[in-house]
Amino acid sequence: MRWLSRSPDPSGRPPLLTFSGRRFIAGLAVGTAAVLLPAAGTIAWLYPQLPTLDKVEHYEPRQPLEVYTRDGVEVATFGPERRHYLPIGQIPLLMQQAVIAVEDARFRDHAGIDLRGILRAAVADLSGGMPQGASTITQQVARTFFLSPRRTAERKLKEALLALEIENRLSKDEILELYMNQIFLGHRAYGFAAAADAYFGKRLDELSIAETAMLAGLPQNPGYANPITNPERARQRQAIVLQRMRATNVIDDAQLAAALAEKLQVRATSWPAIHAEYVAEMARQAIYARYGEAGYVQGLKVYTSLVASDQEAAYHALRRGVLDYERRHPYRGPEDHEKLPTDTVDDASAAAEALRDHRDDEDLRIAIVTEASPRELVARLASGDVVRLTGDALRWVQPALAARASPDLAIVRGSIIRLVRTDRGRDDADLAHASWAIGQWPDADAGFVSLDPESGRVRALVGGFSYADNRFNHVLQAWRQPGSSFKPFLYSAALEHGVMPSTIINDAPLVDDAASGAPNGWNPKDDDGTFEGPMTMRDALAKSKNLVSIRIVQNVGVEAARQWAGRFGFDIDKQPDNLTLALGTGSTTPLQLAGAYAVFANGGYRVAPVVIERIVDAQGQVLYEAPPPAPLDDANRVIPARNAFVMESLLQQVTRSGTAARAQQTLKRPDLYGKTGTTNDAVDAWFAGFQPGVVGVAWMGYDQPESLGTHESGGGVALPIWIDYMQQALKGVPVVPLKPPDGVVQRDGDWAYNDAPEAAPPEPSAASAVPVAVAASGIVP
């Protein structure tokens, strides 16, 4: 009969008659009757109840929604089952052999059920030994796809019958493929490819022998004997797998010894390889809107416009910027306090228990203080590693270590704190010997976005400091005042009204009368409270002079300035209809501002930001594809090329000698353009800028608007994030010189439109009249 073993036992084991006769024979009779040799009547009764094999013959795995960067790096998965389906030909032979060695060594020989395995398990069970499983891989496939896990005689019999039927319908490789892709392996991982990523952050073909054996040992008890939940039990099971691999000649003695000695680096916390949580959520929402719940199990793939290296650079730049800002302000105290026993002998287990409910973070590592004094602090991380801080590492928190520190501020034994690596290390292998400092979870938040100015494709988007802590996407959803980062669009309007870079404009207080157009009692000024008198428009933008911007809007007209800003993509109805427009008191988002600056960067064309490039199904068929970028032609031009060029020259001055001079000084290249922005009382801080190939916007502020601090500004908190990102994004990118288009000339030592009128010499009394704008040779009407 086909379901009996196909070959004799080569092991030479002695007969099983050495066990207690009655007990063994009774057990054997029960096992044989219930599993191997059911009565014909029982089979006839159960057989019609068996499900059809459509699920395995036409396997359609429940595959999660996956989100990728444009260069193919996975950033997120959504769905109840995390699975990376692989055909059997793409599963490494070593992984296959390891699974077969420990789960079903005679898999290639039996016909679905293994009589020897059943007898061996029955003997162990009835003799009081450790319970052993007798299910073949084929039986496990039958159970996984069709049956419940309940241990009943009926289920075992159905399992055996289904296994025989599966073997008759499918090849061994097809059965093994089903098993290795479908089985649950802990931590939402289904199938061995998903488990390799979940536990080691690797592909199957990147695993060592030791790692392969660890995964092969998971099917027996995936929930409680995996290397994250219970490392010791997982290690014990791994050793058994390695011994079985040796016994079946999958590995030799040297490989066995090396694998047993290898220290595995398990992903104790599954930090994503690429931090794009906010973009992943955007993709998830788009899929749900189209496909509903089915979108989570159909194996859909969303390819975004993100560039993996840019996204990581943006994420870490933003985080460093926010943490640096926090370090400039006083320590607010521990996050929480847990009671530790006075006896320090059991600190390790007590600390682990105390930290269980506190969320860890990749950069701000959660820790509990076990010893604290002004001279030394000892803390345990969630990983169990002990960190000791002394000297300068404690300077920032000295007030919290003082004997008379207030209860809310004091750091004492049991305090829950955050630690930050100062060596910028990313490897968790030796945390105890890393360089550390105390940090704190930030109250302020930030956003950063970059895009290609010619196509609108978003290269990087970080919606906040921590998606786990705050899912509000500041890049898309935060309508904030842009402050001085809005001024370039007003200067652009001024160019079309005859005001050129060399035009002299008075930086002086407003005249409080009806003719000035200023609201009664409004007395705007710059942060330093000083006025510099007449200066060129170029210098005024570089220094971000508020009164000059107001006079420009007076000259252009408020409504004309609002309409011109609308050309760049700003919502006109979100911009004020009075002179406060000059100070950026309207509202915009970082993404909208990035799209607006792209107009300057690409020579005057409006582009639509794009995040989702295409959606494909599990078979690779394209379900959606974003339209190609609109051509940069006259149909999409919103400002003249010469306007964009002159504005670029002005914005280049800002990064060379103005409020953003740190940009060119740090990045050591001249092709950088941008503008800082700081709103009243430093509630919002911005830097928006570009290199001809990439636009970037950084913002920082509080969700509930409040001042970032008296001495904070866009140049101090947002510009460093932008620079940090650009250091990565511009690596290897050649400098692009600024090339003048038709229609501009050099005049009065600066660029001007070739048809801009030259004003007449000023009247002698003009200087005393505090004019709105005074040209180098006359007054602009």
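Me: In which sense do strand E1 and strand E3 run, parallel or antiparallel?
Reply: In this predicted model, strand E1 covers residues 65–68 and strand E3 covers residues 301–304. Tyrosine 68 has tyrosine 303 of E3 as its bridge partner. Three bridges join E1 to E3, and the two strands run parallel.

Me: Which strands stand at the edges of the open sheet with mixed pairing?
Reply: This sheet has five strands in the order E2-E1-E3-E14-E15. From one strand to the next, the twist averages 15°. The strands that pair on one side only are E15 and strand E2 (74–78).

Me: At about what angle to E14 does helix H13 run?
Reply: Helix H13 consists of residues 277–291. This helix lies across E1, E2, E3, E14 and E15. Relative to E14, H13 runs at about 50°.

Me: Which glycine takes a positive phi in the hairpin of E14 and E15?
Reply: Strand E14 (residues 612–616) and strand E15 (residues 622–625) run antiparallel and are joined by three bridges. One of the paired positions is arginine 614, whose bridge partner in E15 is glutamate 625. Between the strands of this hairpin there are five residues, and the phi near 90° belongs to glycine 620.

Me: Why is one side of E11 and of E16 left without a neighbour in the sheet?
Reply: The open sheet in question has five strands in the order E11-E10-E18-E17-E16, with antiparallel pairing. Strand E11 (458–462) and strand E16 (673–678) stand at its edges, so one side of each has no neighbour in the sheet, each having a single partner strand.

Me: Which residue of E18 is the bridge partner of alanine 446?
Reply: Strand E10 spans residues 445–451 and strand E18 spans residues 694–701. The two pair in the antiparallel sense over seven bridges. In E18, the partner of alanine 446 is methionine 700.

Me: Against which helices do the buried residues of H11 pack?
Reply: Helix H11 (residues 231–247) has 17 residues, and its span of 24 Å from first to last C-alpha is close to the 24 Å expected. Its buried residues are Ala234, Arg237, Gln238, Val241, Leu242 and Met245. They cover an arc of only 150° around the axis, which puts them on the same side of H11. The helices they pack against are H4 (93–103), H10 (209–216) and H12 (253–261).

Me: What distance separates the C-alpha atoms of arginine 365 and glutamine 440?
Reply: Arginine 365 has its place in strand E5 (residues 364–372) and counts as buried, at 7% relative accessibility. A polar atom of its side chain lies 3.3 Å from the backbone oxygen of aspartate 361. Arginine 365 and glutamine 440 are 75 residues apart along the chain, and the separation of their C-alpha atoms is 9.7 Å.

Methods
Residues are numbered from 1 along each chain as its sequence is written. This is a predicted model: local features need pLDDT of at least 70, side-chain atom pairs count only at pLDDT 80 or more; totals for chains, interfaces and linings use all residues. Side-chain values use heavy atoms; hydrogens and water are left out. Two strands pair if DSSP finds at least two bridges between them. Helices (H or I, at least four residues) and strands (E, at least two) are DSSP runs, numbered from the N terminus. The expected span of a helix is 1.5 Å times one less than its number of residues. Buried means under 20% relative accessible area, exposed over 50%, partly exposed in between (1.4 Å probe, protein chains only). The arc is that of the directions from the helix axis to the C-beta atoms. Contact means heavy atoms within 4.5 Å. A polar contact is a pair of N or O atoms within 3.5 Å; within protein, one must be able to donate a hydrogen and the other to accept it, and residues adjacent in sequence count only if both atoms are side-chain atoms. Axes are lines fitted to C-alpha atoms, for helices over the stretch in contact, and angles run from 0 to 180 degrees between N-to-C directions.
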